[in-house]
Amino acid sequence: MKIRTDSNFHLTYCTNIHPGETWLEVFDNLEKYIPNLKSRLSPEAPFGIGLRLSDVAAKQLLENDNLAQLQAWLTQEDLYVFTLNGFPYGGFHRQVVKDQVYAPDWSTQERLNYTLNLIKILATLLPAGLDGGISTLPLSYKPWWKEDQVTGETVMKNSCFNLASVVAEMIRIRAETGKLLHIDLEPEPDGLIENTSEVIDFFQNLLLPIGGNYLSEKLNIELKLAETKLLEHVRVCYDTCHFSVEYEEPKTVFARLQSVGIKIGKIQISAAMQVKLPAEAEKRSLIVERLRPFAESTYLHQVIERRSDGTLYHYPDLINALPHLKQSLAEEWRTHFHVPIFIRDYQILQSTQDDIATVLHLLQTNYACQHLEIETYTWDVLPSEMKIDLLTSIQREYEWVIKLIHNS
């Protein structure tokens, strides 16, 4: 929904919160939750949707007249779709996901075909006058290629060709419909591109030269224009949880990306777990026990610790990290576990909520991005004492964000 009538900010939540891999399951959740949320949060104005579709759901939505029926339902309910989550290709709930969330990666035809389907859907649903974004994985999963850097480099190069193919399609759509679409790469811990430096390196040294040459030849345009088109249609999804786990300051990230012409296509509003580590062994033992319920078996929960000299050390998952906490040299741990954004302190644990506040404050003067998407997808796996009714939880997250923006 549009947060204020005097702004261009559009706020939604990502429907990856809800289990469901088929189109019927997705639509059942939309009918169950979206009109109710609209009546609570935006009764008199259109309400935006951040739609997550698996590969299966996307294919089914494009069959028969399903997409036309969805359009009719959106119009009837005064709803609109302006962003899609194209990161998880397959199952995302109630099964072991872990590193398979990165498969198939951007070097594959499967990922390309899936994303082209999402582009077709978004181009149809996107209202006139709005740009539309599709967030996607950071190319691949770094640990898969850690022992084989040559193959890892090949994966990155092949990803450039596939991304350029997507851009060619988005250029065609814009020429025919006037609608601007972009694909938003989402850096996260242990992604093949996981922080600002790696994003800039990928764009400057791989995507622009490789993708630029591909587009230049395919569309018969000058290389400089092809590079400009890439920067218009390939952007970054800034997930506040992910950048916080990497200990990156929002203001610095914004400035570095803008200095080299890389745009932010979507900001996902999410909070990571954070804990300052005391020296005392007894207190550390208590922290281990408080963290243990979060070491669950569905998702990866990467941990990055910061030591007193500022160096960072990575653990692939919280369950792997916990045995090391008592002897760790770190002063702080941050964990990729999306906790409710309206909770700052949870017993002796905290969240990186302050970074969300910083980002939303920055946006009042630095209009880096107008698409805001709340993305706490972990309600099913949160410890029981942190859970309340899901509809109420989603509403509380919206209200917390809206209040923060109005007070910025």
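This is a predicted model: local features need pLDDT of at least 70, side-chain atom pairs count only at pLDDT 80 or more; totals for chains, interfaces and linings use all residues.
Okay, housekeeping. Local features need pLDDT of at least 70 and side-chain atom pairs count only at pLDDT 80 or more, while totals for chains, interfaces and linings use all residues. Numbering starts from 1 along each chain as its sequence is written, and side-chain values use heavy atoms, with hydrogens and water left out.

So, the sheet. We have an open sheet of eight strands, ordered S1-S14-S7-S6-S5-S4-S3-S2, with parallel pairing. Strands S1 (10-13) and S2 (47-52) sit at the edges with a single partner strand each, so one side of each has no neighbour in the sheet. From one strand to the next, the twist averages 30°. On terms: strands (E, at least two residues) and helices (H or I, at least four) are DSSP runs numbered from the N terminus, and two strands pair if DSSP finds at least two bridges between them.

Zooming in, S5 (181-185) and S6 (234-239) run parallel and are joined by three bridges. Leucine 185 is opposite valine 236 in S6. Helix H7 (223-233) lies across S5 and S6, at about 25° to S6. Angles run from 0 to 180 degrees between N-to-C directions, with axes fitted to C-alpha atoms, for helices over the stretch in contact (heavy atoms within 4.5 Å).

Now, serine 328, in the loop between helix H11 (318-321) and strand S11 (330-339). Buried or exposed? Serine 328 is buried, at 10% relative accessible area; the cut-offs are under 20% for buried and over 50% for exposed, partly exposed in between, with a 1.4 Å probe and protein chains only. Leaving aside residues up to four places away in sequence, serine 328 touches Leu277, Arg284, Glu305 and Trp333.
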